[in-house]
2 protein chains.
Amino acid sequence: MNVKEYMNTLGQQARAASRELVKATTADKNRALLALANQLEQSSEQLKSENAKDLAQGKKNGLDAAMLDRLAITDAGIAGMAEGLRQIANLQDPIGEITDMRFLPSGIQVGKMRVPLGVVGIIYESRPNVTIDAAALCLKSGNAAILRGGSEAAFSNQALAICIKDALASVGLPETAVQVVATTDRDAVGELIAMPAFVDVIIPRGGKGLIERISEHARVPVIKHLDGICHVYIDDDANYDKAIKVTLNSKTHRYGVCNALETLLVAESQAKKVLPELATLLSEKGVELRGCEKTQAMIEVNVATEEDWATEYLAPILSIKVVSGVDEAMDHIAQYSSAHTESIVTENFSTSRRFLAEVDSSSVMVNASTRFADGFEYGLGAEIGISTDKFHARGPVGLEGLTSQKYIVLGDGHIRN
Amino acid sequence: MNVKEYMNTLGQQARAASRELVKATTADKNRALLALANQLEQSSEQLKSENAKDLAQGKKNGLDAAMLDRLAITDAGIAGMAEGLRQIANLQDPIGEITDMRFLPSGIQVGKMRVPLGVVGIIYESRPNVTIDAAALCLKSGNAAILRGGSEAAFSNQALAICIKDALASVGLPETAVQVVATTDRDAVGELIAMPAFVDVIIPRGGKGLIERISEHARVPVIKHLDGICHVYIDDDANYDKAIKVTLNSKTHRYGVCNALETLLVAESQAKKVLPELATLLSEKGVELRGCEKTQAMIEVNVATEEDWATEYLAPILSIKVVSGVDEAMDHIAQYSSAHTESIVTENFSTSRRFLAEVDSSSVMVNASTRFADGFEYGLGAEIGISTDKFHARGPVGLEGLTSQKYIVLGDGHIRN
């Protein structure tokens with residue numbers, strides 16, 4: 001069987017399984033999740049020994065320490081996956097929820113019912129725990145899943161796939177409800193993203209290059225997350241302490257994450273007050289500062305170029321621009337932001353109301369750190385990714401982002417006049 | 001200026017206008033809609049004389065009577081457009097609606113705010129009233145619009161465009177909030193669907209060929225509507241009168257519409273009772289019947305081939321299949337339906353509950369005519385089309401389908417630990 005045939009078979013099986021999953025009760029799905037948690041704990045030796053093969057291969061291939069760390073399956077990692085599964089079992093089942101049910105003048109009763117998307121394809125890189133996360137979120141939301149992990153985690157993912165299969169079978173759900181692609185052939189990805197008959201949506205998780213490549217060639221919708229060029233704007237009416245706290249936390253809490261601050265905008269009236277203190281605190285943390293001309297006149301910074309405003313550093317670097325006020329701040333955001341997360345620091349009610357209404361990003365905040373833009377912090381209970389698109393799902397994507405709605409109509413023999 | 005440059009200019013202007021529209025109040029938008037209604041009524045002579053040019057050209061080009069009828073702007077048509085505008089002005093503004101606002105353990109307050117999609121491109125064929133409908137729905141939902149009508153309505157659409165511009169200007173909204181493409185060059189469509197920087201979504205309205213072509217080449221999301229192969233299933237536990245009424249209305253209320261019945265499924269236990277009566281009534285209406293083998297044994301019908309099950313007739317033809325029960329009915333629907341609208345006729349609570357949960361179509365009905373699948377019948381107040389996709393909008397698309405949501409976060413200097 002060549003790759004095309006193999007992927008088509010997975011697709012057909014997934015589509016068939018998705019029809020079974022629609023019938024699965026909440027209890028069925030939860031039992032499968034709990035069975036998988038137990039299965040992982042019971043299979044820890046097996047998982048670690050398969051993972052050791054990937055780690056050995058990774059070392060041979062020269063993966064750096066950080067990558068090997070992400071690849072490793074440890075006892076703590078297994079406990080974390082099991083805990084995650086039990087949490088997802090505890091979340092409310094989104095499927096079947098009926099909302100907006102009402103009688104219309106014709107006498108029919110119309111509402112919306114929440115339904116799975118169908119078959120979800122997930123393409124990710126090294127971390128094997130994504131296999132379990134993704135399987136669990138798709139299962140709970142009634143979607144069949146086709147998971148394609150990185151080739152560097154091939155042994156680990158196949159070992160996890162066996163646990164998933166066993167757990168599904170143990171509760172009578174189709175084993176093909178979650179399928180882990182068994183070939184490391186790169187063409188498998190190309191096939192997976194081009195089977196609209198079998199796959200309803202693709203979720204790529206990984207670097208920007210991977211996501212752009214997939215978006216470019218996908219023949220089905222993609223829930224994607226590109227850059228996170230996030231801004232904090234310190235307004236004329238900002239509270240000094242909040243401005244310092246929010247800026248510092250947004251930039252330095254973690255550097256390599258999409259919701260970290262990359263460009264600080266400061267109202268001219270505040271700049272002389274807050275910039276010196278911020279420069280001291282950020283320099284202590286080892287953050288390199290790059291500033292516009294006005295910033296350069298106030299504190300010691302490197303020169304920020306046009307390119308800096310459009311860069312997601314994912315590193316201890318911060319670009320700073322002094323602006324005339326909220327209008328210039330919002331103009332800058334409209335031009336350079338990746339529409340991920342922006343926060344204003346202000347005590348002014350009307351300014352905050354404008355910022356909330358007019359800034360077109362997936363998360364817009366007042367007096368809060370951009371680091372809060374996260375499915376868990378938002379109370380979604382789980383997160384399959386963050387969408388920077390406006391279509392379908394936007395911002396942190398939990399179970400609801402993996403669903404759609406259909407209209408349901410109840411009548412008593414009603415006909416249209 | 002070549003077509004590419006021209007469309008790029010429209011795109012840039014639309015993007016800029018969309019930022020202004022986000023700031024527009026509900027009152028502003030409603031005043032523009034009411035001003036446009038008045039403008040149309042005051043410009044009726046101008047509209048009819050420009051329309052006459054299109055009609056003359058259409059006759060010369062050999063358009064048939066039905067097409068000329070759709071193209072014509074009459075006094076009644078103008079009154080209808082004005083009435084539609086006043087209705088849309090009366091609808092609740094979806095923009096800015098905040099839902100699910102709650103405090104999280106960290107102390108931040110998180111909710112969702114409904115926002116416009118941004119810039120909507122609409123591509124349609126002859127009927128000039130779509131120009132007004134589409135302009136009104138986009139405006140009310142805070143979206144800038146680029147409208148590309150059929151070349152056969154070019155004079156009419158430009159006359160309508162002037163009314164729209166005047167109405168926008170009269171209330172101080174940007175005239176570029178709604179732009180009607182002024183060139184009939186076919187390349188304009190190709191450009192419009194391939195400007196992700198300026199256009200957020202494309203809505204094609206027209207024949208299947210147009211929609212498939214656009215979906216194939218679009219570089220932005222498309223809200224689309226392909227086939228409407230709708231089913232009625234007369235269950236074992238159907239009420240006889242309701243079965244007859246719902247089937248008849250679904251098939252014969254109108255033939256050329258997407259929510260018309262195309263395939264009737266009948267439980268074997270009911271077939272002998274209902275088919276003879278239905279055959280008589282449908283034949284009286286001039287409906288051609290095509291049946292499976294079992295149907296052929298019960299009533300006089302032509303032979304239904306495999307192709308019939310997969311055909312949207314949009315004509316007085318009905319294919320009929322006798323099935324063993326609800327499972328075979330749902331299997332048939334899963335295989336052949338276009339996932340538009342399906343209805344079950346049954347008095348059985350459990351069967352209806354299964355049908356509602358398991359049938360994966362944009363509208364699923366119990367004891368109601370498929371003809372109800374319509375934005376107005378569902379109380380949406382307006383409809384820009386029906387989506388047969390599961391992604392973003394599904395089923396009749398009203399104002400809400402033209403919006404997205406963003407997360408908003410309120411804090412008091414909150415930082416993440």
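1. Strand E16 of chain A (residues 403–414) is joined to E13(B) by five bridges, and the two run parallel. Within this pairing, A:His414 has B:Ala368 as its bridge partner in E13(B). Strands are said to pair if DSSP finds at least two bridges between them. Helices (H or I, at least four residues) and strands (E, at least two) are DSSP runs numbered from the N terminus.

2. The model is predicted: local features need pLDDT of at least 70 and side-chain atom pairs count only at pLDDT 80 or more, while totals for chains, interfaces and linings use all residues. Residues are numbered from 1 along each chain as its sequence is written, and chains are lettered from A and ligands numbered from 1 in the order in which they are written.

3. Between the chains, 59 residues of chain B are in contact with 59 residues of chain A (C-beta atoms, placed from the backbone, within 7 Å). The strand E16(B) gives the most to the side of chain B that touches chain A, namely eleven residues. By class, that side of chain B has 25 nonpolar, 19 polar and 15 charged residues. Here Ala, Val, Leu, Ile, Met, Phe, Trp, Tyr, Cys and Pro count as nonpolar, Asp, Glu, Lys and Arg as charged, and the others, Gly among them, as polar.

4. The same surface serves both copies, since 100% of the contact residues of chain B recur in chain A.

5. In chain B, helix H2 (residues 26–42) packs with helix H5 (residues 75–90) at an angle of about 170°, their axes 9 Å apart. H2(B) and H5(B) are therefore roughly antiparallel (angles over 145 degrees). Residues making the contact include B:Leu33 and B:Leu40 of H2(B) and B:Met81 and B:Leu85 of H5(B). Axes are lines fitted to C-alpha atoms, for helices over the stretch in contact, and angles run from 0 to 180 degrees between N-to-C directions.

6. In strand E11 of chain A (residues 317–323), six of the seven residues are buried (20 or more other C-beta atoms within 10 Å of the residue's own, C-beta atoms being placed from the backbone). Strand E8(A) (residues 261–267) runs parallel to E11(A), joined by five bridges.

Methods: Contact = placed C-beta atoms within 7 Å. Parallel < 35°, antiparallel > 145°, perpendicular 65-115°, else oblique. Buried ≥ 20, exposed ≤ 12 C-beta atoms within 10 Å, placed from the backbone.
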